[in-house]
Amino acid sequence: MAPVGVSIRVGDDHVVIDNGILRLTLSNPEGLITGVRYNGVDNLLEVLNKEGNRGYWDVVWSEPQGSGTFDVIQGTHFEIIHEDENQVEVSFTRNWDPSLQGKLVPLNIDKRFIMLRGCSGFYTYAIYEHREGWPDFDLAETRVAFKLRKDKFRYMAIADNRQRFMPMPDDRMPDRSQQLAYPEAVLLTNPVNPDIKGEVDDKYQYSCDNKDIKVHGWISFDPPIGFWQITPSDEFRSGGPIKQNLTSHVGPTTLAMFLSAHYSGEDLVPKFRNGEYWKKVFGPVFIYLNSTMDGTDRQLLWDDAKLQTLTEVESWPYEFPVSEDFQKCDQRGSVSGRLLVRDKFIDEEDIIGTAAFVGLALSGEAGSWQRECKGYQFWTRADDKGNFIITNVRTGDYNFYAWVPGFIGDYRLDMTMTITSGSQINLGDLVYEPPRDGPTLWEIGIPDRSAAEFFIPDPKPIYINKLYINHPDRFRQYGLWERYADLYPGNDLVYSVGVSDFRKDWFFAHVTRKTGENSYEATTWQIKFRVDSVHQTGAYKLRVALASATLSELQVRFNDAMINPPHFTTRLIGRDNSIARHGIHGLYWLFNIDVQSAWLIQGDNTIYLTQARSSSPFQGIMYDYIRMEGPPRQ
């Protein structure tokens with residue numbers, strides 16, 4: 001049978017779109033998602049919630065130096081943009097004018113919803129516009145949120161190896177849980193399901209890198225239904241491919257995150273100043289619904305959702321959105337080339353940039369893409385020959401950026417690239433020369449912008465999330481920062497080059513030590529190494545790459561633990577909060593420290609690394625990689 005055509009019914013308070021597979025109900029003219037009927041269930045969204053708290057677009061915004069305001073975006077005007085039996089697209093707009101200053105975010109917002117014939121789901125996207133001369137403001141967050149029925153959706157899936165039966169929202173209430181040191185985390189003391197008693201629940205345990213957030217969602221077993229949020233492209237997300245964002249968590253809640261300060265801090269909050277013009281399309285994202293006859297086999301629903309994700313990715317950019325602000329395939333361009341790495345201290349020949357991250361983002365300095373949050377970004381990975389092609393790039397001006405796992409630093413091509421419709425730019429061979437002055441005397445870690453290779457302890461038995469026992473993402477367990485003081489109750493970490501193994505002997509986070517109730521102290525780690533002969537006129541270099549920093553100051557001293565001022569300090573850096581939020585990385589920092597030969601001695605040397613800020617258990621840094629270079633060979 002041919003699929004039923006798409007129909008729309010407009011009432012005084014609601015708009016109903018139906019294609020025979022599902023029925024979507026939206027409030028009129030607000031554009032709030034109040035109902036999703038599918039497979040005999042009248043509403044998959046939480047019917048116990050008010051209509052304004054089931055499915056919605058929202059923002060967190062503030063006036064400069066003001067406090068943040070959470071705003072569920074409610075339209076004031078409804079319009080049918082396209083209607084035939086194959087497709088319905090509707091618009092809910094909220095326009096700003098000076099009478100709203102200080103009350104609503106100074107943006108024109110156009111929320112769109114699309115339903116296609118024969119399609120088991122619906123699409124949503126939005127166009128945000130800040131017109132020239134409008135007031136200054138900061139935009140801390142924007143997303144789409146779905147609150148599902150807690151009596152149906154108990155099982156959550158965000159990856160092949162990150163799936164579990166989840167606590168109920170009631171389990172997080174004071175009579176069933178104990179709030180832990182970090183506010184969003186609770187210990188389940190009396191959950192509805194006794195099997196999860198004693199576990200920790202924290203939404204940040206389910207964060208993912210942007211590049212890995214393609215599909216996630218929830219499964220109901222009675223009847224067997226999957227509710228999935230599919231994001232086919234990262235182009236509209238901020239911060240690049242390894243910026244972390246929330247996915248799904250207890251509620252049951254599913255999010256499509258577009259912009260957030262999570263795992264980055266204020267650096268990734270767009271600040272609009274001096275009446276600048278700005279317009280951006282967020283989405284479309286796809287809400288996919290599936291079902292199966294076998295209510296016990298959740299794998300069928302997950303596997304089908306992954307297949308549907310592949311279809312959506314291959315279909316990007318979609319041809320069906322009506323808005324001219326969303327560019328179609330023939331309006332976009334591409335950039336290709338090959339990336340090589342030149343490090344003569346490793347190989348006389350250029351090294352293939354295998355698996356390099358290569359991308360286009362707004363113009364800036366090398367590495368600025370990880371803090372870029374107003375424009376679009378387009379990323380891919382180089383193949384095993386270093387070749388890459390970045391397809392479906394929106395028209396505009398960009399810089400080309402890259403970084404290569406296994407090498408420190410960032411590459412930026414020193415030219416502005418203008419993408420026009422249909423353009424195919426071939427950059428040929430590009431050569432990245434990572435920071436390097438001399439041969440490696442010793443190194444600690446792997447330069448991959450993560451602390452995952454270092455020692456990650458087991459959590460305290462009272463802070464377990466069973467999902468992450470014997471799991472590659474064991475760093476997602478709660479409270480690991482407290483384990484440092486357990487392992488080093490009095491003396492701090494000492495690492496001996498040539499003897500110690502960073503996988504066992506280098507704690508994954510350089511944190512404070514608790515000394516009393518709400519009292520913490522700075523910690524100083526030592527790196528011990530030998531120098532057989534100090535070149536008095538030679539230049540030594542210490543490269544320190546950080547995977548994360550939170551309100552920290554790294555001080556570096558050579559062979560004198562008390563010298564003040566220290567030989568080097570980063571000063572106060574970082575607000576990415578990745579330690580408290582169980583991320584193994586946040587923003588990347590690289591410090592290249594000139595080491596005077598007078599600081600070194602022939603024989604045994606010690607570098608003292610002090611994380612000097614100590615007012616909280618969550619302050620600290622995560623190292624990515626440390627390298628000591630000797631003088632260049634003569």
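This report covers the overall build, strand pairing, cysteines and backbone exceptions of a predicted model.

## Overall build

The protein contains 3 helices and 46 strands. It has 634 residues, and its radius of gyration is 26 Å. A compact globule with that number of residues would come out near 26 Å, so the value agrees. Along the principal axes, the C-alpha atoms fill a box of roughly 85 × 60 × 50 Å.

Of the 634 residues, 59% count as buried. The accessible surface is about 25,400 Å². Carbon and sulfur atoms account for 47% of that surface.

## Two examples of strand pairing

Strands of a sheet pair through backbone hydrogen bonds, parallel or antiparallel.

Strands β5 (residues 55–62) and β6 (residues 69–72) run antiparallel and are joined by 4 bridges. Valine 60 faces phenylalanine 70 of β6 across the pair. The hairpin of β5 and β6 has 6 residues between the strands. Within this hairpin, glutamine 65 adopts a positive phi near 65 degrees.

A second case is an open sheet of 3 strands, ordered β14-β15-β16 with antiparallel pairing. The edges are β14 (177–179) and β16 (200–201). Each has a single partner strand, so one side of each lacks a neighbour in the sheet. Strand β15 (residues 186–188) pairs with β16 over 2 bridges, in the antiparallel sense. There, leucine 187 stands opposite valine 200.

## Asparagine 108

Asparagine 108 lies in strand β9 (residues 108–116). Is asparagine 108 buried or exposed? Its relative accessibility is 8%, so asparagine 108 counts as buried.

The side chain of asparagine 108 reaches the backbone nitrogen of tryptophan 96 at 2.9 Å. Setting aside neighbours within four places in sequence, asparagine 108 also touches several other residues, including Arg94, Asn95, Ile127 and Tyr128. Glu129, Arg131 and Trp134 are among its contacts too.

## Cysteines

A disulfide is a covalent bond between the sulfur atoms of two cysteines. The count here is 0 disulfides.

Cysteine 119 counts as buried because its relative accessibility is 11%. Cysteine 329, at 38%, counts as partly exposed.

## Backbone exceptions

Where do cis peptide bonds occur? One joins asparagine 28 and proline 29, with omega about 10 degrees. Proline 29 sits in the loop between β3 (22–27) and β4 (33–38). Another joins asparagine 564 and proline 565, with omega about 5 degrees. Proline 565 belongs to the loop between β41 (554–558) and β42 (568–569).

Alanine 355 has a phi of about 65 degrees. This alanine 355 is in the loop between β26 (351–352) and β27 (357–361). Its relative accessibility of 24% makes alanine 355 partly exposed.

Asparagine 470 has a positive phi near 55 degrees. The loop between β34 (440–445) and α2 (483–487) holds asparagine 470. With a relative accessible area of 73%, asparagine 470 is exposed.

Technical notes
Residues are numbered from 1 along each chain as its sequence is written. This is a predicted model: local features need pLDDT of at least 70, side-chain atom pairs count only at pLDDT 80 or more; totals for chains, interfaces and linings use all residues. Side-chain values use heavy atoms; hydrogens and water are left out. Two strands pair if DSSP finds at least two bridges between them. Buried means under 20% relative accessible area, exposed over 50%, partly exposed in between (1.4 Å probe, protein chains only). A polar contact is a pair of N or O atoms within 3.5 Å; within protein, one must be able to donate a hydrogen and the other to accept it, and residues adjacent in sequence count only if both atoms are side-chain atoms. Contact means heavy atoms within 4.5 Å. The radius of gyration is taken over C-alpha atoms; the globule rule is 2.2 Å times the number of residues to the power 0.38. Accessible areas come from the Shrake-Rupley method with a 1.4 Å probe; for residues, only the protein chains shown count as cover. A disulfide is a pair of cysteine sulfur atoms within 2.5 Å.
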